Every structure is written in structure tokens, then in C-alpha cells.
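This briefing goes through the structure shown here topic by topic.

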Amino acid sequence: MATAARYGSRVDAGLLAGCVVLSLIAVVLKDEDREPIASALRRSVVAPLVGLQRGAERWRSAWVASEQRQLASDSVAIRGIKEHALQVENDQLRKIVGLGSRLEWGFIPAEAVHSAAPSEDVVTNMTLTAGSVAGVQRYNPVVAPEGLVGVVQTADPTMSVAILYTSPDFRASAMSADASAFGIVYPHTGRGSAAYMLELRGVPTRVQLKPGTQIFTSGLGGTFPRGIAIGSVVSELKTTEPWTRTYLLRPSVSPSHVTTVLVLTAQRVTQGTGNVWGAAVNVDSATRRIIAANDSIARQATLLEAQARRAVLDSVRRATIDSVRRSLGVIVAPVTPESTAVRARLDSTRPDTTRKPPT
Amino acid sequence: MNWAGAVRTTLVCAILIVLHYTLRPLLAWRASIDFLIVALLLGSVRLRPGAAAVYGFLLGLVADSIAVSPFGAAALSMSVVGFGASWLKAVFFADNLALNGFFLFLAKWVFDLIFLIVGHRAIDPELAMQIFVWSPLAAAVTAVAGVIVLALLKPLMEVRST
């Protein structure tokens with residue numbers, strides 16, 4: 001039994017040694033010697049496995065190609081989405097740049113970071129990335145290309161917090177586009193989308209505003225300069241006030257779309273913004289000026305035409321007189337300014353022909 | 001090992017060899033599962049050490065003929081691993097899956113070690129990276145796959161009685 005076991009062990013060791021030796025011979029063989037053996041194996045015993053491996057690799061290649069195609073299409077889609085976002089951002093930045101170039105001076109650009117708490121239904125304030133170091137002060141107006149956004153509430157060195165027109169603390173003195181009606185703009189007390197509306201209160205009863213009438217800041221009160229767009233009239237609200245009217249306004253600016261704003265400095269507020277937001281008041285005055293200018297041009301043209309007509313008539317008359325004189329044998333001196341002046345002087349010294357000389 | 005057991009073992013080993021040439025290229029992992037090592041260990045523990053060495057040698061020749069690696073390196077490695085697995089079969093087929101997993105890990109790593117050293121013939125940083133990073137990772141993945149296979153086939157497979 002023990003002999004058999006010992007024999008078995010020797011056989012095992014011998015087989016291992018044989019395998020190791022054969023393997024080492026295979027390893028040390030030259031390429032041209034080992035390739036026929038490998039090739040023969042690949043064509044005979046291992047052929048099915050080679051086929052399987054080739055098939056699997058083909059599947060893998062197809063899978064990778066499909067993934068790459070999917071990735072390519074995904075990246076194209078993502079690029080499309082990004083392009084749209086970039087386009088929107090570019091439009092906003094262009095508008096801001098346009099507003100900045102119209103304002104020329106007295107503003108501080110800032111990025112607006114919306115800071116609505118999850119519990120809040122309405123966004124009432126936003127954080128601005130410019131602070132007192134950049135020149136932002138409390139109560140500076142915050143504007144967007146579309147119009148008024150809000151007012152700075154606190155100004156820290158590197159950032160500031162602005163309340164939006166939706167804030168219960170927001171007030172703005174306002175007027176209609178033709179400056180026929182004045183009032184105070186308040187945030188509208190409503191829920192949902194109505195919470196983002198405004199109210200124009202204190203409009204005299206005698207003034208009636210039509211829906212669509214543009215409302216601008218009036219400049220009264222000193223917080224906001226005259227002419228910043230606030231919104232447009234939607235409808236009149238029924239109130240208990242007997243002497244004043246209240247109107248519901250649709251704001252010019254949507255807070256959710258505001259990403260970049262301009263903060264107007266106190267000096268700019270004092271000196272006004274002019275016709276940056278196309279206030280109808282200014283437009284009207286400009287229109288009147290244009291009409292007046294047109295009238296003066298027309299008058300001037302008429303005057304010139306009359307003068308020209310008169311000059312033509314004069315020259316015709318003179319030519320007729322000269323021709324008559326020539327036919328009568330009278331020498332006609334050429335008409336020059338000098339001769340005309342001399343004649344005038346002579347006329348002034350010559351006694352009146354109608355008056356008889358004193359005898 | 002009776003005939004039914006031999007057939008079962010042969011079938012399982014064949015499936016594992018087929019998986020090695022179908023699933024492995026499909027997955028194409030950097031540290032891939034070596035189903036040939038699992039098949040070698042499953043077969044070797046049911047054979048005498050000498051026969052296991054021959055089994056490993058043949059399996060290695062198959063691997064060498066298909067791979068671009070130096071011819072004979074896999075044959076040498078598998079011969080040694082097969083012989084060692086058969087010699088340590090009592091330990092390997094303990095009912096502890098973690099221990100089985102450890103021996104699968106060890107077998108794969110020893111295989112890679114012999115294979116790489118014999119195949120490369122020169123020590124370079126890439127070889128060291130392969131031996132100490134990628135080979136242990138591949139061994140770990142192979143061990144996990146082997147443990148899963150052993151757990152699934154446990155009711156079917158029987159260990160050769162000494």
C-alpha cells in the first residue's frame with residue numbers, strides 16, 4: 001500500500017516534471033518553431049474556442065460602437081441644450097450690456113443669486129454679488145434691461161441683499177406713460193402667479209388708465225429716478241377708496257429670469273436716467289420736438305420757396321424794364337450791389353419827385 | 001470519482017472554458033475574471049496531482065495557442081497551479097467559502113506571477129505594476145467569480161474521497 005502510494009507520488013512528480021520541462025522547452029523555442037505548433041492547435045482542437053472568442057470580440061466591438069454612437073448622440077443633445085442655455089444667457093448679457101451702454105455711468109453690475117427659502121411661495125429677495133466695496137449702498141435701485149427689479153436692503157462689503165418688488169416692504173412712486181396719472185406701486189397681495197403682480201394705488205378718480213398703459217417710476221421720493229419701467233396696467237381693482245383708483249399691474253421684469261442686474265448709484269438716481277427705458281413721457285416730448293422740428297423745416301422751406309419765387313418775379317420785372325428802356329434808347333447800367341447801394345444813396349439824397357421844389 | 005461525477009465535472013469545466021472565451025472578451029475588464037483558473041482548480045481537486053499537472057499543461061497550451069503571450073508560459077503556470085491545487089485539495093475544498101475564495105485568489109496570483117516572469121524575461125516597472133496591482137485585482141475578481149460558481153454548483157459537485 002505504502003509502495004503503491006510512493007509509486008503514485010513518484011509518478012505525480014514525474015508528470016509534473018515532464019509538464020514543466022515541456023513548458024520550458026515551449027518557452028525557449030524560437031518563434032518560427034513555436035508558431036507551427038500554436039497554429040496547428042488553433043486550427044484543430046482550439047478552433048471552436050477561437051471561433052467563440054472571435055464572435056465575442058465582434059459582439060464587444062458592436063457594443064462599443066453602439067455605446068460610442070449613443071455617447072455621440074447624447075453629447076450632441078447636451079450640446080444643443082447647452083447652446084440654448086448659452087443663447088438665452090447671451091441674450092440677457094447683451095441686453096444688460098445694452099442697458100449699460102445706454103446708462104453710460106452711475107451703475108454697478110452684479111449677478112443675482114435667488115435666495116428663496118423652500119417654505120416661501122414667492123421670491124421676495126435676491127443676493128447680489130456686488131457689495132459696498134463696489135459702491136453699492138442701501139436703497140440703491142436694482143434694475144434689469146426690462147425695468148425695475150427692486151431696491152438694495154443691506155449692503156455688505158462683498159455682497160448685498162435686495163428686496164424685489166414682490167416684497168411686502170416694496171414701494172415705488174409711479175406715473176403713467178403720459179404723466180397724466182401718479183400713484184404709489186405696491187406688491188399685489190395674492191397667491192400663485194398673482195403674487196408676482198403689482199398694484200398702482202392712489203390714482204385720482206378723474207384719471208382712468210386703459211389696460212396696457214405703461215407705468216414708470218415718477219422720480220418722486222428720491223429713491224428711484226424718473227422713467228424706469230415698472231409694468232403695464234392689466235385692469236382696475238375695486239376698492240373702498242372713493243377718491244382714488246387702484247390698478248393691477250403686470251411687472252415688466254420676471255424675477256425668475258433675472259440673472260444679472262445693474263445697481264444704480266445714488267448720484268445716478270439724483271441726476272436721473274433719461275430715456276433709457278423708453279419712457280413714453282420722454283418719447284412724447286421727443287416726438288413733439290421732432291414734429292416741431294419738422295414744422296420749422298417746413299416753414300423754412302415755404303419761406304425759401306416764396307423768396308425764390310419773389311426773386312424770379314423781380315428778375316423778370318427787371319428784365320422787362322431793361323428791355324423797355326433799351327428799346328427807348330436809355331443806357332442801362334449793369335445791376336451790381338454797389339450800383340444798387342449808390343442808387344439807394346442817391347435816392348435818399350434826391351428830393352422827392354412828387355414834391356415840388358421850393359420856389 | 002464516479003462516472004456521473006466525472007461527467008458533471010467535465011461539463012462544468014467545459015462551460016467555464018467556454019465562458020472564458022465568450023464572457024471575458026465581452027466584459028473586457030482591465031482586471032478580468034480568469035475562468036480557466038476556476039476550471040483548472042475545479043478539475044484538479046478531483047484528480048491526482050500528476051494528472052492535475054497534465055490537465056493544467058493542456059489547458060495552458062490551449063490558452064497559449066490563442067493568446068499572443070509567449071507560448072508555453074501559461075502551460076508552465078497552469079501545470080504548477082494544477083499540481084499544487086490537487087496537492088492542497090483537502091484545504092481547498094473545505095466548506096468555508098472564504099477559504100475557497102482565498103485559494104482561488106492565491107492560485108490566480110501565482111499563475112500570473114509565473115506567467116509574467118516567464119513571459120517578460122526582463123524586470124521593468126510595467127511588470128511590477130502588473131504583478132502588484134493588476135494581478136491581485138484580477139485574482140480578487142476571479143476569486144469572487146469562483147466562489148459564486150462553487151456556491152452555485154455545490155449540490156452537484158462532489159469531492160474526490162481520499
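**Helix α6 of chain B and the overall picture**

The 24 residues of α6(B), at 1.5 Å a residue, should span 34 Å, and this agrees with the 34 Å between its end C-alpha atoms. The model is a predicted one.

**Chain B as a whole**

- Along the sequence, the elements of chain B run α-α-α-α-α-α-α.
- Chain B has 162 residues, of which 48% count as buried.
- Among the contacts in chain B with a separation of 6 or more, 69% join residues 24 or more positions apart.

- Helix α4 of chain B covers residues 73–87, and its 15 residues should span 21 Å at 1.5 Å a residue; the end C-alpha atoms are 21 Å apart, in agreement.
- Because 14 of its 15 residues are buried, α4(B) is largely enclosed by the rest of the structure.

**Packing of α1 against α2 in chain B**

- Helix α1 (residues 3–27) and helix α2 (residues 35–44) of chain B have axes that come within 8 Å and cross at roughly 170 degrees.
- The crossing angle makes α1(B) roughly antiparallel to α2(B).
- On the α1(B) side, the contact is made by Thr9(B), Val12(B), Cys13(B), Leu16(B), Ile17(B), Leu19(B), His20(B) and Arg24(B).
- On the α2(B) side, the contact is made by Phe35(B), Leu36(B), Val38(B), Ala39(B), Leu42(B) and Gly43(B).
- By class, the residues of this contact between α1(B) and α2(B) are 10 nonpolar, 3 polar and 1 charged.
- Ala28(B) is in the loop between α1 and α2 of chain B.
- Phi of Ala28(B) is positive, at about 50 degrees, although the residue is not a glycine.
- Ala28(B) counts as partly exposed, with 13 C-beta neighbours inside 10 Å.

**Nonpolar cores**

- The largest nonpolar core has 56 residues, and those with the most contacts inside it are Val38(B), Ala39(B), Leu40(B) and Leu41(B).
- Two or more residues of this core come from each of α1 (2–28) and α3 (47–103) of chain A, and from each of α1, α2, α3 (49–66), α4, α6 (97–120) and α7 (125–153) of chain B.
- Leaving aside residues up to four places away in sequence, Ala39(B) touches Cys13(B), Leu16(B) and Ile17(B).
- Another core, of 48 residues, lies apart from the largest one; among its residues are Leu99(A), Val203(A), Leu209(A) and Leu262(A).

**Contact between chains A and B**

- In the contact between the chains, 27 residues of chain B meet 26 residues of chain A.
- On the side of chain B that touches chain A, the elements giving two or more residues are α1, α3 and α4 of chain B.
- The most is given by α3(B), with 11 residues.
- The side of chain B that touches chain A divides into 19 nonpolar, 6 polar and 2 charged residues.

**Helix α2 of chain A**

- Helix α2 of chain A covers residues 31–43, and its 13 residues should span 18 Å at 1.5 Å a residue; its end C-alpha atoms are 18 Å apart, which agrees.
- The number of buried residues in α2(A) is 1 of 13, so this helix lies largely in the open.

- Ile215(A) is part of strand β9 (residues 214–217) of chain A.
- With 30 other C-beta atoms within 10 Å, Ile215(A) is buried.
- Not counting residues up to four places away in sequence, Ile215(A) touches Ala174(A), Ser176(A), Leu200(A), Ile230(A), Gly231(A), Ser232(A), Val233(A) and Leu249(A).
- Ile215(A) and Ala181(A) are 34 residues apart in sequence, and their C-alpha atoms are 9.3 Å apart in space.
- Tyr139(A) is placed in the loop between β2 (125–128) and β3 (141–144) of chain A.
- Phi of Tyr139(A) is positive, near 70 degrees, in a residue other than glycine.
- Tyr139(A) counts as partly exposed, with 13 C-beta neighbours inside 10 Å.

Terms used. Residues numbered from 1 in each chain as written. Chains lettered and ligands numbered in written order. Predicted model: local features only at pLDDT ≥ 70, side-chain atom pairs only at ≥ 80, totals over all residues. Helix = DSSP H or I, 4+ residues; strand = E, 2+ residues; numbered from the N terminus. Buried ≥ 20, exposed ≤ 12 C-beta atoms within 10 Å, placed from the backbone. Contact = placed C-beta atoms within 7 Å. Expected span 1.5 Å × (residues − 1). Axes fitted to C-alpha atoms, helices over the stretch in contact; angles between N-to-C directions. Parallel < 35°, antiparallel > 145°, perpendicular 65-115°, else oblique. Nonpolar A, V, L, I, M, F, W, Y, C, P; charged D, E, K, R; others polar. Core = buried A, V, L, I, M, F, W, Y, C linked by C-beta atoms within 7 Å.
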